[in-house]
Each structure stands twice: as C-alpha cells, then as structure tokens.
Amino acid sequence: MTRMQVEGLEARYGRAQVLHGVSLSLRGGEVLCLMGRNGAGKTTTLRSVMGTLRPTGGRITLDGRDLTGLPAAEIPRAGIAHVPQGRRLFSDLTVRENLALGLMTRGADTAVQEAALDLFPVLRDRLSQRAGTLSGGEQSMLAMARAICVGPRVLLLDEPTEGLMPSAVATVRAAIARLRADGVAVLLVEQRVEAVLEVGDRVAFMEHGRIRADHPIAEVRADPGLLKRYVGLSV
C-alpha cells in the first residue's frame with residue numbers, strides 16, 4: 001500500500017522560517033485534510049513536498065524512497081501530483097493538450113485519460129476548447145483531471161473548491177471520493193468545512209507552521225470546538 005511520510009519538514013521564505021518540523025503520514029486510500037487559518041503554512045507544506053520550494057530540513061519519503069531535495073520536475077515522475085491553488089492551467093492550450101501534458105509526465109496511456117474524463121464528463125465536450133475559455137468550475141475540473149492523468153499514487157489538492165458553485169463542488173467532492181476508493185492517497189487543503197467532513201478520513205490542524213493536532217474525522221464531527229480553535233470556523 002502506498003505510504004507517504006513527511007518528517008520534521010522545515011522551510012523558509014528568505015530569512016523567515018515558515019515550517020517548523022512538520023510531520024505527516026498518509027496512506028493509499030486515505031484523504032488527509034490539512035486545515036488552519038490563513039498563513040498557517042498549508043500551501044507552503046504542499047510546495048515543499050513538490051520541491052517548488054526547497055525544504056531547509058526534514059525528510060519526505062514515498063514508499064520508502066527518499067524524495068527530499070529532488071528537482072521539482074522529478075516529484076511528479078515519482079508519483080506525486082499537485083493541483084495548486086489558482087489551477088495554473090496552460091490557458092492557450094486546449095483541454096486535450098492540457099491532459100496530454102499530464103499523460104507525458106509518467107508515460108501514462110490513454111486509459112488514464114479516459115478514467116479522468118469519466119470523473120469530469122463535461123470535459124469530453126470541451127476537448128478542443130482552449131482552457132482559458134472554460135468556466136471557473138470547468139477549469140478546476142481540468143486541473144484535477146490533468147493531475148489524475150499523471151497516474152499519481154499521491155494527489156495534493158490546494159483549495160480545489162475555492163470559488164465554485166455548489167454543483168461543481170459536488171463534482172469535485174465525488175471525484176475525491178472515487179480516487180480514495182481507487183487507492184490514491186489524497187492530501188487536501190480545504191477551507192469548506194462541509195467538504196472536509198464529507199470526504200476526509202483525518203484532519204491535521206496546522207498553526208504557525210506546526211501540526212498542532214491530528215484527529216480522525218469522526219472526532220472532528222463530534223467536537224466542533226476543534227474547528228473553532230484551529231480554523232476559527234463553526235459548524
């Protein structure tokens with residue numbers, strides 16, 4: 001079974017240290033939700049795992065392989081895909097071309113693309129359309145579909161439902177649930193409490209660049225005070 005370990009992760013922006021010994025463990029077929037107030041270090045954690053921000057300390061392993069310090073281009077090839085906040089599609093390329101870039105990362109075949117399109121069927125009707133002309137919800141779906149085309153063992157999602165209409169949120173949530181059922185490990189940064197409670201297995205609460213608590217989702221549902229304390233939200 002897939003297992004990703006993050007141990008004692010440290011990261012800086014210039015002289016400012018942002019991550020202070022972050023440790024996480026994630027298994028295949030599990031959705032771990034990373035929650036915290038703005039500036040807690042959630043996005044920095046994902047960027048550090050992906051190598052787009054070079055960690056200054058700690059260790060990242062996937063199924064025992066040490067990925068710490070690898071060039072950013074090597075992390076997706078190792079089996080970790082990332083959907084960053086803001087989608088970051090190639091807006092002048094078509095939907096089909098964006099998906100092809102995902103397939104090329106690890107040499108996945110078209111069956112992987114078909115599986116991604118099964119999750120987001122609206123994209124089948126948009127394959128020849130430029131990504132920049134899609135609606136916000138469709139762009140979010142395309143960003144996820146492109147990441148799925150990598151054929152990842154681990155998928156990192158940064159605010160995938162941000163700004164989406166309820167129908168698009170439901171589609172994204174269903175896709176996450178399907179990926180979990182297929183054995184993909186999902187690390188989800190999300191502020192929509194209802195989305196977290198619906199699809200998460202565990203919640204790790206982050207504060208000032210540190211993991212302060214890690215609870216099964218049942219405990220978070222039963223104790224709304226956890227969300228109030230670490231996220232400032234009430235259910």
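Reply: Happy to; what follows takes the labels one at a time, for a model that is predicted.

Me: Why is Thr61 called buried?
Reply: Buried means under 20% relative accessible area. Thr61 has 6% relative accessibility, so Thr61 counts as buried. Thr61 sits in strand 4, and its contacts, leaving aside neighbours within four places in sequence, are Arg3, Met4, Gln5, Asp66 and Leu67.

Me: What makes strand 2 and strand 5 edge strands?
Reply: The open sheet has four strands in the order 2-1-4-5, with antiparallel pairing. Strand 2 (16-27) and strand 5 (65-66) each have a single partner strand, so one side of each has no neighbour in the sheet. Helix 1 (residues 42-50) lies across strand 1 (3-13), strand 2 and strand 4, at about 110° to strand 1.

Me: Why are the buried residues of helix 3 said to be on the same side?
Reply: The residues in question are Val95, Asn98, Leu99, Gly102 and Leu103, in a helix that spans residues 95-106. They cover an arc of only 145° around the axis, which puts them on the same side of helix 3. Their cover includes helix 4 (110-119) and helix 5 (136-148).

Me: What follows helix 3?
Reply: Gly107 does, with a positive phi near 70°.

Methods
Residues numbered from 1 in each chain as written. Predicted model: local features only at pLDDT ≥ 70, side-chain atom pairs only at ≥ 80, totals over all residues. Heavy atoms only, no water. Buried < 20%, exposed > 50% of the residue type's maximum accessible area, 1.4 Å probe, protein only. Helix = DSSP H or I, 4+ residues; strand = E, 2+ residues; numbered from the N terminus. Arc of directions from axis to C-beta. Contact = heavy atoms within 4.5 Å. Pairing = 2+ DSSP bridges. Axes fitted to C-alpha atoms, helices over the stretch in contact; angles between N-to-C directions.
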